[in-house]
Amino acid sequence: MQQETAEAGRWENLKLSISVFMANKSAVVGLIIVLVYLIDALIMQFDPMLLGIHHPDVLVPNFLNPVPLPPSPQHILGTTYPGIDLLTSILKAIRIDLAYSFFVVAVGASVGAVIGIVSAWASGMFDEVIMRITDIVFSIPYLILALAVGFILGRSLWHMSIALAITWWPLYARYARSQTLSTKEYTFIEAAKAAGVGRTTIMFRHILPNVLPPIFIQISLDLGSIMVIFSTLAFIGFIPSANIPELGYLTSLGLNFVQTAPWALIFPGLFITIFALAVNLLGDGLRDVIDPRRRG
Amino acid sequence: MKLWVYIVRRLLLFIPTLIGLTFIVFVLSHSGGTNLVLAEYVNPRLTGEARTLLIQKLTEEFHLNQPIYIQYFYWLYQIMQGNWGYTNTPIFSGSVVTAIELFLPNTAMIAAVASILIWVIGVPLGVYSAVNRDSATDQVVRVGSFSLYAMPIYLIAVALILAVGVYLKILPFAGVVNPLLVSNLSWYHNGISYPTHIILIDAILHNNWQVAWNAFLHLLLPSLTLALATVASIIRILRASMLEVLDQDYIRLAWSKGISAKLVYNLHARRNALLPLLTLFGLTVAFLLGGAVVIETVFSYPGIGYWTTQALLNNDVGGIMASTLLFGLILVSANLILDIAYAFVDPRIRY
């Protein structure tokens, strides 16, 4: 009986969450855009022929006609140097950008969250040392640190994402730490301790579920920024000249044609901006759902 | 806690941060499996016997035959002596310290102009948009700052280049100065101006107003890009904190005393709303530095950031490691100054 009411309560709660989210029109738009990007990435991964694309992993240059062409029926968004069709390249690039951004956020968030929770739970000297380390990592601008790490590892997409993950975990460590510190003070943790529940169990069964939702929001917000930074690194030359479909790299291909072919710069950049905007809108909506004070 | 106790404590905390920062850079230059210290300090133009001799000398100076954790201290000693190694990039080849001397003033100049623009654009817009909440202007400002916030910096640069440089043709968007203007000047050689290395200031010092004006025009677009990239978060935070302040009792008291709207907003509310911005200042410095890398690359503006990307593209260890260290040092010091300034302004911080 009690089980059933709990189940019903949870269902009610979910319904309320959905209605709160749906009431926020811009968040819904954000969600739809993010879903479109995701679907595109999945199509590129599993069945690129659906959109008539033969090589989802590489750019297809056309050296016979390398100068950028304006948008036309054959090339809906025009072409960029050297004769690369922009629309198909952008569709391919979305998959690569999304996948690597996911990787960066997932690694950064899980490493950071674990370190943050453990550090807040352990407190004392260990906590102090971890926080100093995050301070120090924060003291280097992330773009520079990523450049340096990537330089040591060698310039490639994988190394670029590893470099970004290394610069990103302290943010999550701090975030998870502050969440844990406030959760630690709740009465139910006190009760669990009094009931003789072990430290590890409290940490993973009672604290973790309370720390995770805000971290998930941070992740959803960061996905946009990571993609922006990822493309920025590629833009300033992190990817050695290779035929990799990546939005920042695509933008940089058009850079020498800024006077004659603005579309080669505008379209790839537009697709990054739209995604980053959509992710931010989505994150705002999710925050409304999780923050009880903002629930109507 | 007294103010000086706080400052001393903050200064003491500065030391482990510095050690950690240098340690990270040191570890980075060793983490590829090979010791990059030699690559960093050997002038790549040196060949033959001189090179062998130099390597021997460096091995002795840096104690390269000792364990790594001991090497760190010798390396740190050399860094503190001002021996930062060699850089070899197309835009500059020579000692790192000279490179920093040449490039840092330009970056500082962009950052300075950008900071002025940030205040000039950000503070009025943020305040206005909070005071006229939900008005048409507020909506435009919010959407605008939101989009700027989401845009990659290089895209803001590209958009400005397209709009102002290519279509309107009113501002130049590459380099620091029109090369034709400076070809025969006594104080300008090989793209380096003397004595301050900032061509705008040098031109003013030499009373050459034509060059100064041209250099100033070249400075505008990069600075504006940097300012726009940073101003979005300033506007957002200022708007939020202004709204919070406007809701407080003492503002209501000011209204009920019959003080004019102008005074309430400008004197009572804005001052308190600006406090959170101070905290943001540290973040802004970080953002300005990171943004400078991208912006200088797009505008081919010879600052520290441009040098860093050139070093990356040309596999130049000295340049990369030195700029990582330099950027870190600037940011750490900025945070130190900020913390102390904050303690001055807000006594609650000290406790």
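In this predicted model, the C-alpha centres of domain 1 and domain 2 of chain B lie 35 Å apart. The domain assignment (bounds of this kind come from an automatic or database domain assignment) gives residues 14-83 to domain 1 of chain B and residues 101-350 to domain 2 of chain B. Their contact, meaning heavy atoms within 4.5 Å, takes 12 residues from domain 1 of chain B and 10 residues from domain 2 of chain B.

Residues are numbered from 1 along each chain as its sequence is written, and chains are lettered from A in the order in which they are written. Because this is a predicted model, local features need pLDDT of at least 70 and side-chain atom pairs count only at pLDDT 80 or more, while totals for chains, interfaces and linings use all residues; side-chain values use heavy atoms, with hydrogens and water left out.

The table puts the two interfaces side by side. Buried area is the accessible area (1.4 Å probe) that two parts lose on being put together, summed over both. A salt bridge is a side-chain nitrogen of Lys or Arg within 4 Å of a carboxyl oxygen of Asp or Glu.

| Interface | Buried area | Share on carbon and sulfur | Salt bridges |
|---|---|---|---|
| Domain 1 of chain B and domain 2 of chain B | about 960 Å² | 93% | 0 salt bridges |
| Chain B and chain A | about 3,500 Å² | 82% | 0 salt bridges |

What about polar contacts, that is, pairs of N or O atoms within 3.5 Å, where within protein one must be able to donate a hydrogen and the other to accept it, and residues adjacent in sequence count only if both atoms are side-chain atoms? Between the two domains of chain B the rule finds 0 residue pairs in polar contact (both at pLDDT 80 or more). Between chain B and chain A the count is 1 residue pair (both at pLDDT 80 or more).

Helices here are DSSP runs (H or I, at least four residues), numbered from the N terminus. Phe146(B), Tyr154(B) and Leu312(B) supply 18% of the area that chain B buries against chain A, more than any other three residues.

Ala203(B) lies in helix H8 (residues 199-205) of chain B. Ala203(B) counts as buried because its relative accessible area is 0%, the cut-off for buried being under 20% (1.4 Å probe, protein chains only). Beyond its neighbours within four places in sequence, Ala203(B) is in contact with Trp187(B), Asn208(B), Val211(B) and Ala212(B). The C-alpha atoms of Ala203(B) and Val131(B), 72 residues apart along the chain, are separated by 43 Å.

Over in chain A, Ser101(A) sits in helix H3 (residues 86-122). Ser101(A) is also buried, with a relative accessible area of 0%. A polar atom of the Ser101(A) side chain lies 2.6 Å from the backbone oxygen of Asp97(A). Leaving aside neighbours within four places in sequence, Ser101(A) is in contact with Leu223(A), Ile226(A) and Met227(A).

Terms used. Helices (H or I, at least four residues) and strands (E, at least two) are DSSP runs, numbered from the N terminus. Buried means under 20% relative accessible area, exposed over 50%, partly exposed in between (1.4 Å probe, protein chains only).
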